[in-house]
Amino acid sequence: MIPSPSPFPEPQPALAPLTSAAVFLVVTVEPGGEQQVRDLLPEISALTRSVGFRVPEAALSVCTGIGSDVWGRLFAGPRPAELHPFQERVGRIHRAPSTPGDLLFHIRAHRMDLCFELASHFMSRLEGAVAVVDETHGFKYFDDRDLLGFVDGTENPVGSPAYRAAIVGDTDPEFAGGSYVIVQKYLHDLTGWNALTVEAQERAVGRTKLSDIELDDDEKPADSHVTLNTVEDDDGNQLQIVRRNMPFGSFGRGEFGTYFIGYAATPSVTERMIDNMFLGDPPGIHDRLLDFSTAVTGGLFFVPSQEWLDADHPAAGSGAATEPAPATRAEPDPAPTAEPAPDPDPHAGSLRIGSLKA
Ligand code: HEM
């Protein structure tokens, strides 16, 4: 556990280092399933201890995130100040969708069996109460590389800067110790990517491939991933988030990707990065990585402090969701894009991009 440099409640283990394995599980809560979810949340710590204590060196941990729409169905009383649904972005060429999701379980360990075992305890307690909309099993790939072959995570803040970047402080005292997490599942066009020269790949990322050194400013194009994700406040201080991306893949489905997960004290920092990537900064460009990476999910969740999660909270009086539908952020005058038709499938919550069920 990373020592907390503040008097605020202990966070969930958002800042825990990368592990060799992770399960990212996103579920929606069925109408009437709220009480089952409320029963599980305070038990998560004990379940994690039960599974993890048997193999302490595997460093099992879980962060549980709660989405905006379900918050008002689960709890009466105040809600995190900046919790809202993930907003779709429609750029001139690339789109970041907003997809269903009420709960996120980000389960990490050095062994996949522990991640799987913990997920199975959660899912047996939630049986009948939730639908799995996405399940991604991530793995460590050599020296923390993504499937594009680049080391991913180097410029993450560590120690106190990581805490300040990712954990809510006294701006929202009721929810201090919490964190806002944004997830996006990206699928890579590896054939297209691997057809580029290494130099062209390096210009797309903004770092060298083998040695993982940042390119000089005069070599780094305006549309490189690093350029567009280096954001500052009005005083010129760099704004940071804590990323714990993992690669995943399936030969059968022909899917090879990066599961992006970013923790932040305010979702506005991560959202600004996503705006830069999809809508451009300056407008008109987009992150070159997006030409080889398609976002297929997008979700925003609040990860309350460990103390908050472990405690009982008054139940919501009614089952009604109170949040407005997510708005779309678009570039000015975007090219017309066809809206996907509504899914007539009764299992419409499923994105058909991975499920617990075969
Ligand atoms: C296809 C998905 C993505 C891939 C493969 C990817 C990969 C990378 C790589 C290889 C780096 C350079 C090494 C490092 O510092 O970590 C990097 C940096 C970074 N990425 Fe991503 N990333 C992805 C999506 C995102 C998204 C969606 C965001 C933000 C919402 C983001 C934010 C950042 C930031 C803040 C940096 C560090 C910039 C710096 O200060 O140098 N990434 N990413």
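At what angle do helix H2 and helix H4 pack, and how far apart are their axes? That was my opening question for this predicted model.

**Entry: two helices**

I looked up H2 (residues 44-52) and H4 (residues 112-125) and found an angle of about 145 degrees, with the axes 10 Å apart. I noted the crossing of H2 and H4 as right-handed. On the H2 side, I listed Leu47, Thr48, Val51 and Gly52 in the contact, and on the H4 side Leu114, Glu117, Leu118 and His121. Sorting the residues of this contact by class, I got four nonpolar, three polar and one charged.

**Entry: leucine 40**

Next I turned to leucine 40, which sits in helix H1 (residues 34-40). Setting aside neighbours within four places in sequence, I found leucine 40 in contact with Phe122, Arg125 and Leu126. I also checked leucine 40 against histidine 121: they are 81 residues apart in sequence, and their C-alpha atoms are 9.9 Å apart in space.

**Entry: around the ligand**

Which residues come nearest to the ligand? Of the 26 around it, I wrote down Glu155, Tyr186, Asn229, Met273 and Ser293. The elements I found giving two or more residues to this shell are strand S7 (179-188), helix H8 (225-228), strand S12 (255-264) and helix H9 (267-279). By class, I recorded 11 nonpolar, 10 polar and five charged residues in the shell.

Notes: Residues numbered from 1 in each chain as written. Predicted model: local features only at pLDDT ≥ 70, side-chain atom pairs only at ≥ 80, totals over all residues. Helix = DSSP H or I, 4+ residues; strand = E, 2+ residues; numbered from the N terminus. Contact = placed C-beta atoms within 7 Å. Near = placed C-beta within 6 Å. Nonpolar A, V, L, I, M, F, W, Y, C, P; charged D, E, K, R; others polar. Axes fitted to C-alpha atoms, helices over the stretch in contact; angles between N-to-C directions. Left-handed = near helix turned anticlockwise from the far one by under 90°.
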